[in-house]
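Dear colleague,

I am handing over the structure we spoke about, and my notes on what was found in it follow below. Please look through the sequence and the model before reading on.

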Amino acid sequence: MILVITSLGSHSASAAGVPFKDIKTTDKEIIYLWEKGLINGTSKTTFGPADSVTREQAATMIGRAIKLNGTSRKTSFKDVDPKSYASGYIQSAVDKGIITGDSNGNFRPKDTMTRGEMAYLISRAFNLTKTGHVYFMDIKTNTSSTSLYTAVNKIAAAGITNGTGSGNYEPNKKLNRREFAAFVARGLNPDFRVVFKNVMISEMNVTVDNLNVRKGPDVSYSSVGKINKGAKFQVYGYNGSWAYGKSGTLTGYVSTAYLSKTVVPVVNAKRFVVLDPGHGGTDPGAVANGLQEKAINLDVAKRAQAILKNKGISVYMTRTTDVFIPLASRVDLAVKSGGNAFVSIHTNAATPAASGSETFYSAALDKRAQDSKQLATFIQNRLHKAMDNNNRGVKEAGYLVIGSNPLPAALVELGFITNGTDASKLASATYKQRSAEAIAGGIEDYYKWKENN
């Protein structure tokens with residue numbers, strides 16, 4: 001394995017200004033770090049932007065960036081080899097209070113670093129102290145100085161991150177080399193920094209007159225103005241029992257006690273779909289032929305997410321890992337995300353003879369029934385062809401995630417895990433990719449239809 005960080009000297013840029021064939025001129029942070037001699041590629045011609053970054057690689061990169069002593073030596077951690085290329089940088093970072101180990105006294109040098117861990121590392125390495133009105137939907141607010149929220153808040157306020165899109169930071173996501181380069185380059189050079197902008201997650205009604213909009217989440221903070229009953233308050237995040245957002249020209253915090261309990265879905269003219277991989281965690285879904293439904297659903301959803309993003313369609317995932325989420329919570333997450341369409345991905349089960357693909361919609365809420373049916377139809381028209389199986393059609397049903405959902409919603413059944421032929425396809429990376437392309441294509445068809453109607 002060619003290390004991320006092997007050269008101390010600076011490189012000379014290639015004639016085209018791009019040192020690796022798998023990056024573009026827009027990857028300015030990568031080019032900047034390479035020219036400073038802080039990173040190398042995975043080969044002479046490739047950088048491997050999607051490859052993961054280990055904790056020892058990250059510690060070494062940070063150490064070189066801020067000029068720590070990298071002399072190999074014994075460290076505070078029993079699992080770090082004193083002869084390792086990273087040992088000196090790891091111990092220097094410990095001495096500076098930049099990194100810590102786990103409760104067992106280990107550093108876990110070969111583990112892949114997460115985006116959450118990187119937030120701690122970057123905020124400490126570059127001595128970031130300023131926080132701001134920063135909110136991500138997947139990070140719990142906490143005022144503790146050691147909290148993940150504080151670390152992420154600091155790097156967002158400093159312009160080092162603006163999240164992964166759709167209002168999320170994804171702290172448990174494994175860090176890749178492109179993200180890693182962006183974090184470090186922005187820490188080193190303000191020219192690369194971004195402007196953080198909160199994503200509106202809902203719009204609520206004010207229920208009283210003369211409601212104070214305050215500078216902070218407490219009555220001790222001064223008021224920046226007042227709003228009256230019936231006014232709309234656009235919510236960007238929550239801090240305890242206080243909502244941070246905007247009403248008219250006023251931006252600040254208001255008590256949630258004086259906001260309507262019913263969240264009004266955000267009206268979003270852009271293409272922003274919610275993908276819901278069914279089941280997860282303690283709920284495996286259907287199990288047959290050596291397969292688990294929850295794993296198939298998540299695999300296909302992630303593939304569809306990548307395809308949709310390449311089409312310029314924003315995506316919010318109700319889950320990105322193997323976790324259990326109650327059905328009602330999936331609807332709540334969808335509404336709060338600001339998405340304007342919802343697709344739940346499932347795998348069917350019945351007798352061994354049953355086979356094929358089908359897609360459901362609900363007519364429970366009249367206002368979006370037509371849109372839901374169209375969404376389901378566009379997906380189904382592509383899906384059964386992509387899977388090369390029986391077309392079971394578009395059907396109406398009252399499943400909770402589509403029946404109680406205020407968004408146009410469809411529920412996809414890829415195929416039958418209990419059918420031998422269908423199961424072999426569901427186990428195949430080729431067919432999972434084809435089903436993801438069909439779902440993404442159907443969603444794109446729906447948005448085109450909406451724009452013309």
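A residue is called buried when its relative accessible area is under 20%, exposed when that value is over 50%, and partly exposed in between. In this predicted model, S314 has a relative accessibility of 35% and therefore counts as partly exposed.

On confidence, the protein chain has an average pLDDT of 89, with 92% of the residues scoring at least 70. Residues 1–16 have a pLDDT below 50, and this stretch makes 45 contacts in the model beyond its near neighbours in sequence; residues 263–269 are also below 50, with 18 such contacts. Where pLDDT is low, the predicted coordinates should not be read in detail.

The other finding concerns two helices, α7 (residues 293–310) and α12 (residues 429–451), which pack at an angle of about 50° with their axes 8 Å apart. The two helices α7 and α12 are therefore oblique to each other, and their crossing is right-handed. On the α7 side the contact is made by D299, V300, R303, A304, I307 and L308, while the residues they meet in α12 include K432, Q433, E437, I439 and I443. Taken by type, the residues of this contact between α7 and α12 are nine nonpolar, two polar and four charged.

Methods:
Residues numbered from 1 in each chain as written. Predicted model: local features only at pLDDT ≥ 70, side-chain atom pairs only at ≥ 80, totals over all residues. Heavy atoms only, no water. Axes fitted to C-alpha atoms, helices over the stretch in contact; angles between N-to-C directions. Helix = DSSP H or I, 4+ residues; strand = E, 2+ residues; numbered from the N terminus. Parallel < 35°, antiparallel > 145°, perpendicular 65-115°, else oblique. Left-handed = near helix turned anticlockwise from the far one by under 90°. Contact = heavy atoms within 4.5 Å. Nonpolar A, V, L, I, M, F, W, Y, C, P; charged D, E, K, R; others polar. Buried < 20%, exposed > 50% of the residue type's maximum accessible area, 1.4 Å probe, protein only. pLDDT = per-residue confidence, 0-100.
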